[in-house]
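Here's a quick briefing on a few local features of this model. Have the sequence and the structure open as you read.

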Amino acid sequence: MPSQKICAMGGATRISVIIPLEYHRGLAVDCIRGWVSSQDYPRELYRVLIGAPADFDRGELQEVRTLLGGGDLLLELDQGHDMTLIEDVARHADTDLLLFSESHCIPEPDALSYLVGVAQERSDWAAFSAPTHGLTSNLLSRIECDIYSKDIRGKLQSHDWLRVLDQCFVIRREAYDAVGGFRGEFGHFAEWLFAATMKTQGLKLGVAERAVVKHGYIGEYDDLEAFTVDFAYGQIKYLYEHSEEPAATLFPSIPELDALLEQTKDEHIRLMSYPAKDKAQILWLGLRKILHRDPVGSLGPYLAWASKCRALSHSGSKERLEDAVKAASEAKAQLDQAIANEDSIAAHHLFVEWFSRLVQKGRYSYLAERHAVISKHTIVRPSDFARYGEWRAAGGFSPARVFGTHDAEGTEQGTIRWTLPCFQIILPLHAGEGRRVVLEWSTARPLNPTELVRIRLNGKNLPRSAISVQPTRLLIDVEVDVSGWHEIAVSVYPFQGAKDGRLFGLPLKLVNWLSVDQTVTREQPGDVSRYFLHVTKCGGTTAAILTANGYAADECFAPYSGAYEPADFLLHPWSAHRVPFYSGHFAWTIAAAFPPGDTRVATMLRHPIDRLLSMYHYFQQRNRINRGPSFEEWIRAEIRFQNTMVRHFIADTSDDEHTGAEAVSVRAKAALAEACKNLRQCVAVGLTEEMEDSVNLMAHELGFLPPEATGRFNATESRADISSVDPAFLAQLEEWFAPDFALYAEAQAIFKENRAALHAEILGNLPTPSTSQVRMELRQRYMKKLRAEADIQRESKEYRWTAMDVFHGENLHAREQDHEYILRWTAPGVATKFYLPIQRSGVWKLELELHPAMDSEKIDKCKLTMDGTLLPSLTHQKTEGRRITLATRVVFDKGLRDAGDVPELAIEVPVSRGRNEFREIGIPLLGIRLIPEV
């Protein structure tokens, strides 16, 4: 019995059962009773969480309430859809496992015992669905059950990812959070979208064998129609508004949407070729994100005019919707007649016909709501404009038009128009002449060369070589065969507004186009790039962060996008663009991607057994492997070739799937010669056991500021050491991982040779040169350069640093992005130091800009010193809800004006464990500003 299996395995797994009281089909009370009162799973190990819509029957709701236990939860929500209900209710779950079901589903008594048992046995599954048995009551419900059950079984058994079935769906909490939860705005399509997102994130989705839930099919037309139309509406809404997301690429195209986009493009180009006195331009608002936040009523001034120009504007969706409604009504009447005649064969075929008409109805319902309206701007013929031009968010005449923007708004950097994540530019281009189109925007949303950006010219993707991304500029090189109006469609990864939850694209300021030879080509990073080759669990995070301090965000590959593995680099949209600095677990892929000698590689290695122990415990603490197997069991059966040091130094990582110590050893031996050859090409090779000397070597070769004392980032919290390993198994490890030992010996030899050379260069022939002496000299050299930069600055010049800039200092975590904010956390040490390239003179106002979610208690404990002198108490305020600003004054003593060093600003703040993470963090810095007072 499953319950006995649970007891044998420990039986301590807690699970939340999440039920929305919508589409309940009269089974809600029986459903809740089945979960609350009838399960053989220990009651103290599970909670039942229920979401009830505002219009749910009060008497029935009270009956449900009487069934609940003390730990259960019933939320009455102002929501009318089961997907939005579970989206809200799931936020209150506090267990390791989540079970989603529906209020018209009745569980078997052993449902929870069985499902928890599956979750315990299949620890490799992030989630799984279970099939269900159908409950029917009439012919229509039996046909519905037959068609849906066949489709569900087919997907669960044969589809490689479309396996999320909310009738009975179990998922681990960390996986649910990683996906981002169900997105209720897309209705019942949210199930499919959730499955697609799991696929893009590499999360494994399984299928349980047994059906332990009975699913009620009611056999009512209104219920069926509401569900089908809702699903189709959500599907086209997602594919239209979020086509730039990776999950969108997994779904087939929708004919209705393809036809609309093609017609829209043709009509834009045709209409814009008409004389200004005859036509007005169509304002393309079809990509508006959320209809209720952009009500049609606000477009009143345009609507009367639009009705008069209907033939010239985008039209047809409303008429097609009317046709679809009529066709669905006719199909329903035929189906109803077959049901009345009890003709199950005919009814089966007519049900499918009616279903297809409802799908069309749902799709055209969405498209009709996005009907285009008329803009009051005029247009000109292609022959009427010069061969260059400009469009500005502030307004003024321009032959170009930008569709898919919000209203203009004033900012400190001038007038902008926030675009949607997908927007279009219609502009005139002449045939046979290369043109560069330049988009510029404000720093409110900086991009970097690795951002997900897609550009299309007249519906066709432009090659990466034609596009260049800079923090606040996008350069697009185009050439067309026919003179006239052309469409450039831009898609960028969306981020959410801080106030209203809308999704934005770019804060656009201007668009201009001119001959390619009239513009400056993209600045190149130089003759060579630097690459920190990060070998897992070799102290690489520490070295990578220190090295990245020497580069601005737009000089780094994926500075905050989470690209780490070889496939991330090879498949990345901007992998063909050289940048000055790379860092990640990309193996030798990057060095092999560029001509020999064009990449200076630095890396760190570690004693192989010590590294394996650290990796094993680290993976367990981060839930990357099951906590079940011992270290020996993991090595024998689960370790993979990609976990070896040898693998990091070969270019071809496609043959990565060797698993288990024996197979991994064979693969590593075959790759050893190539790995050693590539290791010898590295300009700096560090050792974890010699961290301070390793940092010196890398700082000397790569040019960053070595810290006074090296902190440790991303360290394994607690772990066994080599002495804990059984001697017999230790000998076996040394045999299996002989290739890693050989590579490590090579690294030791290179390290010793390079360290001796560095000591000789820095300290000459001192008899006993020390690591600290070398560190001091390297820091003095760096400070001398920084002092020279300060001497160039005018005394009255403002100094500003942001998290995207080079960091002259120590004790900051890596850059990260939170919606529109780019930030860096202070820590792991208590004191974060900035060395400022400014003159020591006069009085300055000092401002620290922090993320708006910063804890006020930590702010009160924040202490600032300049050159060791405590600064006055900080005043803080929140600017328009967008960021927190801390302010104080700095008075430099005139006697220190000629000091040989640059000013040292120290920020001291208590560190604590980050929520849902392992890091020690202080405060989230967005920027620092020093303003001279007159």
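Predicted model: local features only at pLDDT ≥ 70, side-chain atom pairs only at ≥ 80, totals over all residues.

Leu864 sits opposite Ile907 of strand 39. Residues are numbered from 1 along each chain as its sequence is written, and side-chain values use heavy atoms, leaving out hydrogens and water.

**Strands**
- Strand 35 also runs antiparallel to strand 36 (residues 869-870), with two bridges between them; pairing takes at least two DSSP bridges.
- Met866 has Thr869 of strand 36 as its bridge partner.
- Two residues lie between strands 35 and 36 in their hairpin, and Asp867 there takes a positive phi near 55°.
- Strands are DSSP E runs of at least two residues and helices are H or I runs of at least four, numbered from the N terminus.

**Helix 6**
- Helix 6 (residues 139-158) spans 28 Å between its first and last C-alpha, close to the 28 Å expected for its 20 residues at 1.5 Å a residue; the expected span is 1.5 Å times one less than the number of residues.
- At its start, a side-chain oxygen of Asn138 comes within 3.2 Å of the backbone nitrogen of Leu140.

**Helices 17 and 22**
- Helix 17 (residues 608-621) packs against helix 22 (residues 738-763) at about 115°, axes 9 Å apart; axes are lines fitted to C-alpha atoms over the stretch in contact, with angles from 0 to 180 degrees between N-to-C directions.
- Pro608, Ile609 and Arg611 of helix 17 meet Asp740, Phe741 and Tyr744 of helix 22, contact meaning heavy atoms within 4.5 Å.

Definitions and conventions:
Polar contact = N/O pair within 3.5 Å; in protein donor to acceptor, adjacent residues only side chain to side chain.
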